[in-house]
Amino acid sequence: MNGAHDMGGMHGFGPVQDEPETDRFHGEWERRAFALTLACGGLGQWTIDQARYARERQPPVRYLENTYYEQWLHGLETLLVEKGLVTPDELRTGKPSGPPPPGIKALPAERVVKALQQGSPYTRPVDHPPGFAVGDRVRVRMDQPVTHTRAPRYVRGRTGTVVLYHGGHVFADASARGDHGVADHLYNVAFDSAELWGIQAQPGVVHLDLWEPYLVPA
């Protein structure tokens, strides 16, 4: 999805400001937005990929104006309405207009810490052997998907080297569309900075985790 969120390598946004680890939140509302997003994710109605896709689908101007946790809040509001957990009117007023949806249960407080520690493993078996091995030269496909993808624009069409094989993982592009059963091989691919940015690039190597459907032999 070629939206405002995919701004790697674009000019005019200034340097990334590295904040102290202790400065996780800049207001109480950010803490609440973070907790609310995790709590609602625990209802099991969507995946992390669907949550990312919900944030990406907002108008570009709004995306660029939002702070980090405003992005989270927008994505959460979008999913709550789309999944039928709240109505647009309930979201606007903050008041329920009827009973809660059937079959929806909040995670008990005593299970929260354990759930956060365990996370949601995304490793999966894959029904075909890996197409690449460590050391292989690969090129990222020049696809222009209209839905969520984890292959950023700046790396499409570029050539790199497989340096690590992660095994089979849920394929994020399919998961974002609601198909959670699709898995494929996941690799870490190293790209020379000059391959990505040209001769003016700062010397170095950029590593990306990329699924096999993104790649072709170089």
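This is a predicted model: local features need pLDDT of at least 70, side-chain atom pairs count only at pLDDT 80 or more; totals for chains, interfaces and linings use all residues.
Helices and strands here are DSSP runs, with helices (H or I) of at least four residues and strands (E) of at least two, numbered from the N terminus. With a relative accessible area of 11%, Asp6 falls under the 20% cut-off, so it counts as buried. Leaving aside residues up to four places away in sequence, Asp6 touches Met1, Pro152, Arg153 and Arg156.

Next comes helix α1 itself, which takes in residues 28–41. Its 14 residues reach 20 Å from the first C-alpha to the last, close to the 20 Å expected at 1.5 Å a residue. Which residues of α1 are buried? They are Glu30, Ala33, Thr37 and Cys40. Looking down the axis of α1, these buried residues fall within an arc of 100°, so they line one face of the helix. As for what the buried residues of α1 pack against, the partners are α2 (48–56) and α4 (68–82).

Those two partners also meet each other. Two packed helices are described by the angle between their axes and the distance between the axes. For α2 and α4, the axes come within 8 Å and cross at roughly 105°. An angle of 65 to 115 degrees counts as roughly perpendicular, and that makes α2 roughly perpendicular to α4. On the α2 side, the contact is made by Gln50, Ala51, Ala54 and Arg55. The α4 side brings in Gln71, Trp72, His74, Gly75, Thr78 and Leu79.

In general, strands of a sheet pair through backbone hydrogen bonds, either parallel or antiparallel. Strand β3, residues 183–192, pairs with β4 in the antiparallel sense over 7 bridges. Within this part of the sheet, Leu186 stands opposite Trp211 in β4.

Conventions. Residues are numbered from 1 along each chain as its sequence is written. Side-chain values use heavy atoms; hydrogens and water are left out. The expected span of a helix is 1.5 Å times one less than its number of residues. Buried means under 20% relative accessible area, exposed over 50%, partly exposed in between (1.4 Å probe, protein chains only). The arc is that of the directions from the helix axis to the C-beta atoms. Contact means heavy atoms within 4.5 Å. Two strands pair if DSSP finds at least two bridges between them. Axes are lines fitted to C-alpha atoms, for helices over the stretch in contact, and angles run from 0 to 180 degrees between N-to-C directions. Angles under 35 degrees count as roughly parallel, over 145 as roughly antiparallel, 65 to 115 as roughly perpendicular and the rest as oblique.
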